[in-house]
Amino acid sequence: MTTPLFSLPGLRVLLADAGQRRSPVIRLELIRLRCQLVDVIDLVAEPAALPAALDRLAPELLLIDCEQPSPTLLSQLADALQRQPRPVLLVAEQMTPEQMRAALGAGVSALQLAGLPTQRLGALLQLALARFEHDQTLQRDLRQTQTQLAERKQVERARGILMREQGLDEEAAFQRLRQIAMDSGQTLAAVAQRLIEADQLLRPR
């Protein structure tokens with residue numbers, strides 16, 4: 001028997017019911033999976049309740065059960081996930097391709113159309129958790145790549161300043177930057193930034 005990659009027992013789940021009234025059935029299945037249902041919010045009675053509930057309850061996963069996700073719901077969801085990313089499983093009876101794209105763009109991790117077969121809930125939760133982790137890893141890698149690119153540009157710019165001001169060639173200017181970084185215990189990017197700032201202050205406007 002294969003061990004699931006993500007552990008469901010103890011998983012804190014918030015259920016947002018947008019009129020499907022399946023919360024009793026979902027609650028029973030979550031109990032069987034040994035998840036913790038932190039609350040059920042009624043988005044029909046309280047359409048604007050989702051952001052505050054997410055902030056107050058801090059669930060590890062959000063499960064939305066609806067006929068179709070409204071633009072208002074997806075907008076609230078996008079804003080909330082921008083502040084605090086978390087896995088989201090969206091169950092809908094029907095969705096247009098545009099709604100699917102909007103849901104994924106808002107941060108939904110997994111979609112289930114045409115209702116919710118309760119026997120599949122565990123697999124769907126696993127899918128949402130796996131997709132969320134995958135997306136977070138991609139975003140971290142992207143941020144790291146962007147940071148490295150920005151730092152490389154700073155070093156190139158600082159090297160150009162040394163070449164201009166001290167008459168050094170490219171290799172000598174780079175070695176000079178490295179030496180300053182080693183002597184001061186700073187990163188190459190930090191030294192480059194300081195040099196750029198000093199050059200901007202000293203050069204006549």
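Helix α3, which spans residues 71-83, has 13 residues and reaches 19 Å from its first C-alpha to its last, close to the 18 Å expected at 1.5 Å a residue, where the expected span is 1.5 Å times one less than the number of residues. Helices (H or I, at least four residues) and strands (E, at least two) are DSSP runs, numbered from the N terminus. The model is a predicted one, in which local features need pLDDT of at least 70 and side-chain atom pairs count only at pLDDT 80 or more, whereas totals for chains, interfaces and linings use all residues. Residues are numbered from 1 along each chain as its sequence is written, and side-chain values use heavy atoms, with hydrogens and water left out.

The buried residues of α3 are L73, L74, Q76, L77, A80 and L81, buried meaning under 20% relative accessible area, exposed over 50% and partly exposed in between, with a 1.4 Å probe and protein chains only. The buried residues of α3 pack against α2, β3, β4 (88-92) and α4 (97-106), contact being defined as heavy atoms within 4.5 Å. In the loop between α3 and β4 lies Q84, which is partly exposed, with a relative accessible area of 43%. Q84 and L63 are 21 residues apart in sequence, and their C-alpha atoms are 16 Å apart in space.

Helix α5, residues 121-166, has 46 residues and reaches 67 Å from its first C-alpha to its last, close to the 68 Å expected at 1.5 Å a residue. This helix is followed by G167, whose phi is positive, near 65 degrees. V155 is found in α5 and is buried, with a relative accessible area of 10%. Not counting residues up to four places away in sequence, V155 touches F174, L177, L188, A189 and A192; V155 and L177 are 22 residues apart in sequence and 8.3 Å apart in space, C-alpha to C-alpha.

The axes of helix α6 (residues 170-184) and helix α7 (residues 188-202) come within 9 Å and cross at roughly 110 degrees, the axes being lines fitted to C-alpha atoms, for helices over the stretch in contact, with angles that run from 0 to 180 degrees between N-to-C directions. The two helices α6 and α7 are therefore roughly perpendicular to each other, given that angles under 35 degrees count as roughly parallel, over 145 as roughly antiparallel, 65 to 115 as roughly perpendicular and the rest as oblique. In this contact, F174, L177, R178, I180, A181 and S184 of α6 meet L188, V191 and L195 of α7. The residues of the contact divide into 7 nonpolar, 1 polar and 1 charged, where Ala, Val, Leu, Ile, Met, Phe, Trp, Tyr, Cys and Pro count as nonpolar, Asp, Glu, Lys and Arg as charged, and the others, Gly among them, as polar.

Strand β5 (residues 110-113) contains L111, which at 25% relative accessibility counts as partly exposed. Leaving out residues up to four places away in sequence, L111 touches L90, M95, M100, A103 and L104, while the C-alpha atoms of L111 and G185, 74 residues apart along the chain, are separated by 49 Å.

Most residues other than glycine have a negative phi. The phi of R34, however, is positive, near 65 degrees; R34 is found in the loop between α1 (23-32) and β2 (36-42) and, at 59% relative accessibility, counts as exposed. A58 likewise has a positive phi, near 50 degrees, and is placed in the loop between α2 (50-57) and β3 (61-66), where its relative accessibility of 43% makes A58 partly exposed. In helix α1 lies S23, which at 15% relative accessibility counts as buried, and which is in contact with L15, D17 and V40 when its neighbours within four places in sequence are left aside.
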